Each structure stands twice: as C-alpha cells, then as structure tokens.
Amino acid sequence: MLLTKQPSKNQPNRALILAGGGMRVAYQAGVMKAMQEDGLVFSHADGASGGIFNASMLASGHSVENIIEKWKTLNFNHFTSFIKLKEYFRPWNLRAFGDADGIRDKVLPHFGVAVEKINNLKLPVTFSVCNFTKKTVDTIPSGKVEENHLLAGVSLPILMPALKVKDDWFIDAVWVKDANLLEAVKRGAEDLWLIWGIGNYPSYLSGSLNQYVHSIEMSANGAIFEEFEQIKWINQLIDLGHSPYGQTRKIQVFVVKPKLPLPLDPELFLKKITARALINMGYQDAKNYLNSLPEKGDVLDFSATQTIDSGDYFCIPMEFSGEILEGEKRHQVVFHLFLRLSFSNEFKILEAFSSLYFEESKVEMIGGETSVEIVKNVNGNASMTIETALNDKENKYILKAELKCSGPKYWLMGLAFKSIDLKLSSLSEKNDLMAGTLYQAFFSRLKGVLLSLAKKKSGSNAGLVFKYRMLQKLLKNEV
C-alpha cells in the first residue's frame, strides 16, 4: 500500500509529489514500485502537469501494480487529438494545435480514471492546476474534482487549449510551478518525496523542440527553487519553536530523478522508447537512490533537480524470449533489455535497464541495482555481462546475463545480439535456481536497429553512421 488515509503514528508524515514530464511520467510508476517495496507510505499525494495522470490513478484507488500495467498497455497515439482541419488555415484564431478529446475519450478510460470514483473515494490526493483567470495555481482536492480540472491540468499551452470550469479558465500549471511542495507543507508533511522528470539540463541545446523544453525547465525549476527557499524559512521558524503548519521537526525533501535526461515525448510517439523502458528506468533509479539515501534529505538548491550533460548517447531496445529451466520444470519467459550508452570527454556511461517476464504466472520482475561490463574473449570477440537484482513479493534474486556481441556491421543488418544466457539465483542461498538461453527473433533485431535512439551532444538526432561509431566504441570497450 503506497497511499493511506490514516498514517501510522510510528511513521513520519510523508507526502508524495508527482511533478510533470508529459508522457514520460510513466517513469514515476517504476519509482513508486521501488518506494512501495521499501515500505514507504504516504498520507498525501499531489500531481501537477503530467504527474496528474499518476495522481488521478492513485485517487481512483488503483494499486501501483495496476498503474504499471496501464502504462505498459497504453497506446501513446491516443494522446494525439487534432482539431478540425479548417481551423489550421486560420492560425491567427488557433486555440491550440490539438484538443483534449483523445485524453478524455481514450487515455483516462484506459487508465481507469473516473471523476465520480475520485470524488467518492476522497483519498488524500490533490491536483495542482493553473487558474489562468486568476493567474494562480489552484489545488483541487479529491472530492471536488471535475473532469476539466484533470484535462486542463495536462493541457500544455500551445499544444492543447485552456478549459473552463464554471467561470474560470484552467490550463497546465507548468509555467507557474511543476511541483507543489508547499501544499504538502501546509498539510503538515515533514518528509516530501518528489519524483522529478522534467529535467534541469546544464547545457543550452540547439533546435526549436529542445529550446521549448528548456523554457519549461526554466519555469519549472525556477518555481521549485523558490519553494525550496520558502521551506528553508519555515525550517528556521520550526527551529525557533514557531511551526506555522504543525511540523515537530525540520522538513526534509527527497528528490528521485534520472541521472541523464529522459527521452522527450516525440520518442514515445515514434516508439524509440517504450513505457516499459521508462518504468524500468524509474525503478532502477529509485532503488539506487534508496540505497544511498541522504540522512537529512537533499540539499535544497539547483543540484537537487539537475541532471548531467548526456553527451553523445545511443540507446538500443532488445527483447529475448525462450525457456529457462528450474530443475526439470520449464518456464517460458521474455527478457526486456534497454541499453543506454552515453559518451563525452568528461564521462563514459553504459547502463542496462531490464525486466524478466514469466508468461505462465504473468509476473514481471524489474531489474534494480545493475552492473554492466564488456569482456573481450580470447578470439577477439566481445560479450557483455549484466548483473541485476530482482524482487518478487516474497524473494530476492540475482540475475546474471551474458550477451554475445557481434560487430557494428552485423548489428546494422539485424544479425547481432541473437541470444543471451541467463542465470537466476537466490540472493540468500547463492545457488542457481533457473538457467537457460533466450533468443531474439530476426524481426525484433531489425526493429531494434530501426528504433534505436541516438542523439549528438548538440541535441540533434543522429543517423546510422553515428550509431555505427558509438557501437564500435562500446564493443572496443572504450566505455
């Protein structure tokens, strides 16, 4: 259970802050799973901008497992909804490039979000939406939600129109604030857990899309930094014994964020990254954060939300299937793997995000703490060793995977990454429980080439020659 109406007296008053990030907030579902496994329970959750999707699912009574499944089975094309063709020929009167019909008619029903259910359950969830008429951020509690609040809350200016509730116009709060920490503070929360995916990129990139994203980053981060300063002032009052909102100790803020910026929404539309890969990223990032949790929360300055420069980067999706043996018992499984290589003069990063799905039981275990190593064989060929921690409801496991790597030219023809050897062992007993070799079909390998995501450090998209060279660096063990 992640959200509760009645927090235990033995637990701190925690709030979950679901910030924006467009469709990339599928990442938050993986973070929430890791938080739940760590025993975190929240007495309040707030969603702003894209975070409203996850907040509305929580407010509708969905478990974290259900939220993950809904993201994995979502058709991202349903976010796109065009206005009438004739309106595009009158740009001076254009309200926005699209409308909210796709989200209203397809996305929210798929997510199992119903306003009546939210208002009846009255779980401790709020929605932060920009009241354009009053130029404020209104916090709408469950129990007083209207559908247009949810739709307006994810209506990014220019892309989607403002929507009316009674006499006021509402729109996405991102230009005012992208995460509402102070609402949680006013409710007495002492530990604020912020899931941040909007980014805080140190370099100014070229290209209109990148710079539109930068403008969102500036607004969102500027607002969160101001809230940090207000929390510092409140903490000084608490030290003096004048707690304005009932906290008995200083407020702490814990920020779970990606190491590198998350891929942008167009990559989801183009299927260069999937919701599953984002969920797996969120889970792994949260596991790493929880393992090195700052005792007094994060430092409340720009570093709390900042990612590093991604440099040149290259991502390859893979999907292996087959049988692994547990004694004489056979398990049909699918191993999902998303490799990310980032390379610059300052750093070299190779990461693997993965999950193992058992078809019979329909259980999928996500890789947590993960190590990746490139090993050169005696014959000059390379292989990749991946080791990751897996959890189910009762047990903890270590998965070791060895991926045979052919040269870049074979990859371009869909002939590389044909098979992977898996061994699954119990963390407590250290013995192999299951083992086997899985295979990636030719179509899947070719799709991995076509859907591989690569960008140069300037922020521009990269082609096959760039991908060839990046893979060459990887297999030469230059990372």
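Against which elements do the buried residues of α13 pack? In this predicted model, the buried residues of that helix pack against β9 (312–326), α12 (408–412) and α14 (464–475). Helix α13 spans residues 442–450, and its buried residues are S444, R445, G448 and V449. They lie on the same side of α13, because they cover an arc of only 145° around the axis. On the other side of the helix, F443 and L450 are exposed.

L450 also takes part in a nonpolar surface patch of about 550 Å², which is made by Y410, M413, L415, F442, L446 and L450. Helix α13 gives the most to this patch, with three residues. L446, which lies in helix α13, counts as partly exposed because its relative accessibility is 31%.

In soluble globular proteins, nonpolar side chains tend to be buried together. The largest nonpolar core has 73 residues, and those with the most contacts inside it are L16, M35, F53, W71 and F127. Helix α11, formed by residues 275–291, gives the most to this core, with nine residues. Apart from it lies another core, of 42 residues, which includes M318, F320, F335 and M384. When residues up to four places away in sequence are not counted, F53 touches V25, W71, F79, I103, V107, L108, F111 and V154.

Two further buried positions illustrate contacts between separate stretches of the chain. A45 is placed in strand β2 and counts as buried, because its relative accessibility is 0%. Not counting residues up to four places away in sequence, A45 touches L3, L16, L58, P124, V125 and T126. A45 and I17 are 28 residues apart in sequence, while their C-alpha atoms are 5.8 Å apart in space. H149 lies in helix α7, residues 147–153, and counts as buried because its relative accessibility is 7%. With residues up to four places away in sequence again left out, H149 touches V129, I140, K144, V165 and F170. F89, by contrast, is found in the loop between α4 (85–88) and α5 (101–110), and is exposed, with a relative accessible area of 61%. The C-alpha atoms of F89 and K476, which are 387 residues apart along the chain, are separated by 53 Å.

The backbone was also examined for positive phi values. Most residues other than glycine have a negative phi. S49, a residue other than glycine, has a positive phi near 50°, and its place is in the loop between β2 (44–48) and α2 (51–59). K122, which is not a glycine either, has a positive phi of about 50°, and its place is in the loop between α6 (115–121) and β3 (125–131). S49 is buried, with a relative accessible area of 6%, whereas K122 counts as exposed at 53% relative accessibility.

Charged side chains form 19 salt bridges in the model. In one of them, the side chains of D265 and R24 meet at 3.8 Å, N to O. D265 lies in helix α10 (residues 265–269) and R24 in the loop between β1 (14–18) and α1 (26–37), so this pair ties together parts that are 241 residues apart in sequence. R24 is buried, with a relative accessible area of 9%.

A salt bridge also joins the side chains of E364 and K72, at 2.6 Å, N to O. This pair links distant parts of the chain, with E364 in strand β12 (residues 363–366) and K72 in helix α3 (residues 64–72), 292 residues apart. E364 counts as buried at 15% relative accessibility, whereas K72 counts as partly exposed at 23%. The side chains of E147 and R104 likewise meet in a salt bridge, at 3.0 Å, N to O. Here the distant parts that are linked are helix α7, which holds E147, and helix α5, which holds R104, the two residues being 43 places apart. E147 counts as partly exposed at 31% relative accessibility, and R104 counts as partly exposed at 26%. Through salt bridges that share partners, E69, K72, R276 and E364 are joined into one network.

Definitions and conventions:
Residues are numbered from 1 along each chain as its sequence is written. This is a predicted model: local features need pLDDT of at least 70, side-chain atom pairs count only at pLDDT 80 or more; totals for chains, interfaces and linings use all residues. Side-chain values use heavy atoms; hydrogens and water are left out. Buried means under 20% relative accessible area, exposed over 50%, partly exposed in between (1.4 Å probe, protein chains only). Helices (H or I, at least four residues) and strands (E, at least two) are DSSP runs, numbered from the N terminus. The arc is that of the directions from the helix axis to the C-beta atoms. Contact means heavy atoms within 4.5 Å. Patches are made of residues with over 30% relative accessible area and no salt bridge: like charges are joined within 9 Å, nonpolar side chains (Val, Leu, Ile, Met, Phe, Trp, Tyr) within 5 Å. Accessible areas come from the Shrake-Rupley method with a 1.4 Å probe; for residues, only the protein chains shown count as cover. A salt bridge is a side-chain nitrogen of Lys or Arg within 4 Å of a carboxyl oxygen of Asp or Glu. A nonpolar core is a set of buried Ala, Val, Leu, Ile, Met, Phe, Trp, Tyr and Cys residues joined through side-chain atoms within 4.5 Å.
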